[in-house]
Amino acid sequence: MKKLRPFFSGALAMALAVSLIGSAAAAAGKLQIGSAGVVVLDQVKVEPGASYTAEGSSIPAVVTYEDPTGKTHNYLPVRMLAEYFNIPVTWSEKRGSVVLGSTMENAQLEARIYREGEERPKNPANPALGKTLGPFTEVDPGTVDTSARPTGIDDDKTRVQTITGYTTGGYFISENGKYIVLTVTNNGQTPVTCLAGRTPMFGSFEHFPSVDIEPGRTLTRAFAVADGTTEEASGFTAILRGANPTDPADVTVSLMQYR
């Protein structure tokens, strides 16, 4: 990616606004830069007249254009929207375009056919601690005090029997509790795979390394929630399914938040 590319997402609206200056003048429209604020999900993100910082540069948060009919059009930086709504944003050199969400442009897919009776690769039995995805970091469950009452409960010893898999999750802002604790017991006769990660608002599911739970075993995973995590970025999801696609999953699940 070229050196100038990191600034593209923040400056895209500005480029659009500049292109409007000539037409605005010709059509007797009005153009105002940085006069409006931004409110996301009823939370003030930018006060009217304040700027937005993108890649270390301060730029107008909103460009407002009033056309000759009196209708108002507001233009916002792509980077700002992507940040507020937890949307991955990249630049495609090939397409000369801003890309919102996941893309298959540079993906390398590898298909593998397993013969009958051939074992599939197993995931580790224990999670890899210290990995971070967005506002969540996987930590040692032993460091979390679960003796007090949880501040939030999404599942409390929920028994599930499924072939297609079971999904649980919610939105966990840091002010409600610093930790998320996921506990899964495999009641079945075959291994169960546990995936956990951040809920996409737009794009693909990003998850921590998968963990396999053997029959009769209980797995506990804990995740620290970063201070200042906003509601729009606080989505967390856990997926439980048979380690082999044709195997059923019989699990008991708890998902809670603690201080």
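**View 1. Strand 1 meets strand 6 (residues 63-66) through four bridges, and the two run antiparallel.** Welcome to this predicted model, in which local features need pLDDT of at least 70, side-chain atom pairs count only at pLDDT 80 or more, and totals for chains, interfaces and linings use all residues. Residues are numbered from 1 along each chain as its sequence is written, and side-chain values use heavy atoms, with hydrogens and water left out. Strands here are DSSP runs (E, at least two residues), numbered from the N terminus, and two of them pair if DSSP finds at least two bridges between them. Look for Gln-32, whose bridge partner in strand 6 is Thr-64.

**View 2. An open sheet is built from three strands in the order 1-6-7, with antiparallel pairing.** At its edges are strand 1 (30-33) and strand 7 (72-75), each of which pairs on one side only. On average, neighbouring strands of this sheet are turned by 15 degrees against each other, direction ignored; the axes are lines fitted to C-alpha atoms, and angles run from 0 to 180 degrees between N-to-C directions. As background, strands of a sheet pair through backbone hydrogen bonds, either parallel or antiparallel.

**View 3. Strand 8 (residues 89-92) and strand 9 (residues 97-100) pair in the antiparallel sense.** Four bridges hold this pairing. Trp-91 stands opposite Val-98 in strand 9. The hairpin has four residues between the strands, and Gly-96 in this hairpin takes a positive phi near 60 degrees.

**View 4. Phe-136 and Phe-236 form an edge-to-face aromatic pair.** Rings of Phe, Tyr and Trp (its six-membered ring) pair if their centres lie within 6.5 Å; planes under 30 degrees apart count as stacked, over 60 as edge-to-face and the rest as tilted. In this pair the distance is 5.5 Å centre to centre, with 75 degrees between the planes. Phe-136 belongs to strand 11 (residues 136-139) and Phe-236 to strand 19 (residues 235-242), so the pair ties together parts that are 100 residues apart in sequence. Both Phe-136 and Phe-236 are buried (under 20% relative accessible area, with a 1.4 Å probe and protein chains only).

**View 5. Phe-208 and Phe-223 make a tilted pair.** Their ring centres are 5.1 Å apart and their planes stand at 45 degrees. Phe-208 sits in the loop between strand 16 (206-207) and strand 17 (211-213), while Phe-223 is in strand 18 (residues 218-225), so the pair ties together parts that are 15 residues apart in sequence. Phe-208 is buried, with a relative accessible area of 0%, and Phe-223 is buried with 0% too.

Notes:
Buried means under 20% relative accessible area, exposed over 50%, partly exposed in between (1.4 Å probe, protein chains only).
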